[in-house]
Amino acid sequence: MTTRVERSIDVGVPVSTAYNQWTQFEEFPHFMAGVEEVRQLDDRRLHWVARIAGVRREWDATVLEQVPDEKVAWAATDGVRNAGAVYFQRIHADRTRVLLCLEYEPDGLVEKAADRLHVVARQAEADLERFKSYLEARGTETGAWRGSVGAGRGVGTPGVAQAGADGDSGVVERTDR
């Protein structure tokens, strides 16, 4: 069964600063509890290592759409079934709303029990709070990637139906055509 989580937070930095920091995927372990490592393999592919409900999991994900200062959307291509998007909305010159939309399928008894207790939803909220603290304490991003991926494709918020898990070839196909 698929679970959806949506959480947002307002961050006291310009939209470009919030977006730029989010594009630094390898920095995620600094503010995402449970994320042990994110390796950026190229402009579109990421390898994740994390603890989910106490279980160490690894998976690959593909960035489906990335539009500077607006959005980053992804889907897992193997391993943990998850997909989603992060949206950036300018509130005013020095304030940005960050909206995280996540969809995942818990696997195994422990993850399903954690899902019923809304562990991932609480974790997403806490991770956004840590992102806010991390970025506001620094006042600037640690780096930036201003390129675009799939701009104009209109991926929206991809769901796990777009995540090619379960040992497929790793190719992500759009299902919204």
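Q: Which residues lie nearest the centre of the largest pocket?
A: This is a predicted model. In it, Val35, Trp59, Leu102, Val120 and Asp127 lie nearest the centre of the largest pocket.

Q: How many residues line the largest pocket in total?
A: The lining has 32 residues.

Q: Which one gives the largest share?
A: Helix α3, with six residues.

Q: How much space lies in there?
A: About 720 Å³.

Q: What's the lining like by class?
A: It has 24 nonpolar residues, five charged and three polar.

Q: Switching to helices. At what angle do α1 and α3 pack?
A: About 115°. Helix α1 covers residues 15-22, and its axis is 11 Å from that of α3.

Q: What does that make α1 relative to α3?
A: Roughly perpendicular, because angles of 65 to 115 degrees count as such.

Q: Left-handed or right-handed crossing?
A: Right-handed, as α1 passes α3.

Q: Which residues make the contact?
A: From α1, Thr17, Ala18, Gln21 and Trp22. From α3, Leu128, Phe131, Tyr134 and Leu135.

Q: How many charged, polar and nonpolar residues in that contact of α1 with α3?
A: No charged residues. Two are polar and six are nonpolar.

Terms used:
Residues numbered from 1 in each chain as written. Predicted model: local features only at pLDDT ≥ 70, side-chain atom pairs only at ≥ 80, totals over all residues. Heavy atoms only, no water. 1 Å grid on protein atoms, 1.4 Å probe; cavity = no way out; pocket = protein on both sides within 12 Å on 5 of 7 lines; lining within 4 Å. Points joined across faces, edges and corners; volume = space filled by probe spheres on them. Helix = DSSP H or I, 4+ residues; strand = E, 2+ residues; numbered from the N terminus. Nonpolar A, V, L, I, M, F, W, Y, C, P; charged D, E, K, R; others polar. Axes fitted to C-alpha atoms, helices over the stretch in contact; angles between N-to-C directions. Parallel < 35°, antiparallel > 145°, perpendicular 65-115°, else oblique. Left-handed = near helix turned anticlockwise from the far one by under 90°. Contact = heavy atoms within 4.5 Å.
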